[in-house]
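Please look over the side-chain contacts and strand pairing in this structure. A short report follows.

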Amino acid sequence: MRPLGLRDLALTAGMFLILGALAWHFEQRAAHEIVSTVRVIDGDTLDTGDGRIRLVGMDAPELDQTCDNGFAIYECGREARERLRQLIGGREVTCATRRKDRYDRFLATCHAGDVNLAARMVETGWAVASGDYDLAELRARTAGRGIWAGKFERPNEWRATRGMVSEDGGMLDPVLDRLRLWLDR
C-alpha cells in the first residue's frame with residue numbers, strides 16, 4: 001500500500017467539500033419559518049394547531065417530573081411549562097425550523113419578540129442546556145435559579161429511569177443542533 005499523495009488528498013478534500021455543500025443546500029431548502037400563536041405543551045414543546053415544535057438546544061423537565069428545592073418537593077415540569085407560557089405572554093412566536101424529530105415535531109429555534117425562548121428558559125434555570133446555551137446554564141446553576149435552587153434529575157436521566165424514549169434522535173443530534181444554532185447566528 002502506497003502513502004497518500006497530494007492528488008489523493010486534494011480529491012478526498014474536494015469530495016468532502018462537495019458532499020458538505022450538497023448537505024447544506026438540502027438543509028437550507030428544508031428550512032422554513034413558522035410564525036404563529038402557540039399553545040404551550042410543556043417546558044420545551046409548542047403546538048401551532050398545525051403541528052408541534054420542539055425547542056432545540058435545551059431540555060426542560062418533563063410535565064410529571066418533580067424536583068426538590070430544599071424545602072419541599074414541587075412539580076418542576078409544570079412550573080417549567082408555566083415559565084414558558086409567561087415568556088411567550090400571548091405573543092406570536094417566530095420559529096426557524098430545520099427538520100423533524102422521531103415524533104414528527106419540528107425542531108426549531110423560536111422567538112417571542114426578540115426573546116430566544118430556549119436561551120431564556122436555560123438562563124432562568126427552567127431547562128438544562130443540550131446542544132447549546134452552556135454558558136447560560138452555568139450562570140443559572142451558579143445563581144441557583146429555577147431547578148438549580150435545589151436537587152433534580154436531568155430530564156434525559158428522569159426519562160431513562162422510567163423507561164421513556166430519549167428526546168434526541170441519536171448521537172449526532174446535539175452536534176448537528178449546535179452547528180445549526182451557530183450557523184443561525
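How exposed is arginine 162 by relative accessibility? At 44%, arginine 162 counts as partly exposed. The model is a predicted one.

## A partly exposed salt bridge

Arginine 162 has a charged partner. Its side chain meets that of glutamate 153 in a salt bridge, 3.7 Å from N to O. Glutamate 153 has a relative accessibility of 28%, so glutamate 153 counts as partly exposed.

## Other salt bridges

Side chains of opposite charge can pair when their charged atoms come close. Searching the whole structure gives 16 salt bridges. One of them links arginine 105 and aspartate 101, with 2.7 Å between the closest N and O atoms. Arginine 105 is at 10% relative accessibility, so arginine 105 counts as buried. Aspartate 101 is at 12% and counts as buried too.

Arginine 120 and glutamate 123 form another salt bridge, at 3.4 Å from N to O. These two residues sit three apart in helix 3, so about one helical turn separates them. Arginine 120 is partly exposed at 32% relative accessibility. Glutamate 123 is partly exposed at 29%.

There is also a network. Salt bridges link Asp44, Arg54, Asp59, Glu62 and Arg159.

## Aromatic pairs

A pair of aromatic rings is described by the distance of the centres and the angle of the planes. Two such pairs turn up in a search of the whole structure. In one, the ring centres of tyrosine 74 and tryptophan 126 are 6.5 Å apart. Their planes stand at 85 degrees, so this pair is edge-to-face. Which parts of the chain does the pair tie together? Tyrosine 74 belongs to strand 7 (residues 73-74). Tryptophan 126 belongs to the loop between helix 3 (117-123) and strand 11 (128-130). The pair therefore ties together parts 52 residues apart in sequence.

Are tyrosine 74 and tryptophan 126 buried or exposed? Tyrosine 74 has 19% relative accessibility; the cut-off for buried is under 20%, so tyrosine 74 counts as buried. Tryptophan 126 counts as buried at 7%.

Tryptophan 148 is at 16% relative accessibility, so tryptophan 148 counts as buried.

## Charges over rings

Tryptophan 148 has a further contact. Arginine 141 lies over the face of its ring, at 5.1 Å from the ring centre. Lysine 100 lies over the face of phenylalanine 106, and here the distance to the ring centre is 4.6 Å.

## Strand pairing

Strand 3 (residues 45-47) and strand 4 (residues 52-55) run antiparallel, joined by three bridges. Leucine 46 has isoleucine 53 in strand 4 as its bridge partner. Which residue takes a positive phi in the hairpin of strand 3 and strand 4? Glycine 49 does, with phi near 95 degrees. Four residues lie between the strands of this hairpin.

Strand 4 also pairs with strand 9 (residues 106-112). This pairing is parallel and has three bridges. Leucine 55 has alanine 108 in strand 9 as its bridge partner.

Key
Residues numbered from 1 in each chain as written. Predicted model: local features only at pLDDT ≥ 70, side-chain atom pairs only at ≥ 80, totals over all residues. Heavy atoms only, no water. Phe/Tyr/Trp six-rings, centres within 6.5 Å; stacked < 30°, edge-to-face > 60°. Buried < 20%, exposed > 50% of the residue type's maximum accessible area, 1.4 Å probe, protein only. Lys NZ or Arg CZ within 6 Å of the ring centre and 35° of its normal. Salt bridge = Lys/Arg side-chain N within 4 Å of Asp/Glu carboxyl O. Pairing = 2+ DSSP bridges.
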